[in-house]
Amino acid sequence: MKYLYLVGFLLVAAGLTGIEKADGRGACGFSNPNMEALKLRPCASAAEREDAEVSESCCSAVEKLLRKPSCLCAAVQSSIARNSGVNPSIAITIPKRCAIADRPIGYKCGDYTLP
């Protein structure tokens with residue numbers, strides 16, 4: 001019986017920490033999407049308003065995260081991003097607004113698609 005409780009606890013804990021694979025790696029490898037979202041601070045206004053200017057530092061941060069599109073998606077939709085006022089449907093347009101040539105056009109990011 002104790003074994004069942006332990007297994008149940010571990011399953012709940014894994015779900016709460018965002019672990020998506022058996023080896024502990026998720027959308028951002030071993031990094032938490034909330035921590036990756038913090039790297040997108042220069043994009044705050046650009047992720048809230050589509051008419052906001054996108055800074056060079058924002059484009060640089062997005063380009064680094066875009067090396068793994070699933071991580072950018074997870075960061076944009078993380079609790080830190082949501083609580084900071086990020087609008088995922090606007091944030092997902094930043095790679096195009098930065099004119100990142102090798103962005104994965106058409107990549108599904110939850111309910112959103114990279115333009």
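Cys98 is buried, with a relative accessible area of 16%; here buried means under 20% relative accessible area, exposed over 50% and partly exposed in between, using a 1.4 Å probe and protein chains only. Its partner is Cys59, joined to Cys98 by a disulfide with an S to S distance of 2.0 Å. A disulfide is counted when a pair of cysteine sulfur atoms lies within 2.5 Å. Cys59 is buried too, at 15%.

The torsion about the S-S bond of Cys59 and Cys98 is about -90 degrees, so this disulfide is left-handed. The pair links distant parts of the chain, 39 residues apart: Cys59 sits in helix H3 (residues 56-65), and Cys98 in the loop between helix H7 (94-97) and strand S1 (108-109). Helices (H or I, at least four residues) and strands (E, at least two) are DSSP runs, numbered from the N terminus.

## How the model is read

This is a predicted model, where local features need pLDDT of at least 70, side-chain atom pairs count only at pLDDT 80 or more, and totals for chains, interfaces and linings use all residues. Residues are numbered from 1 along each chain as its sequence is written, and side-chain values use heavy atoms, leaving out hydrogens and water.

## Other links to find

How many disulfides does a search of the whole structure find? There are 4. One of them joins Cys73 to Cys109, S to S 2.2 Å. Cys73 lies in helix H4 and Cys109 in strand S1, so this pair ties together parts 36 residues apart in sequence.
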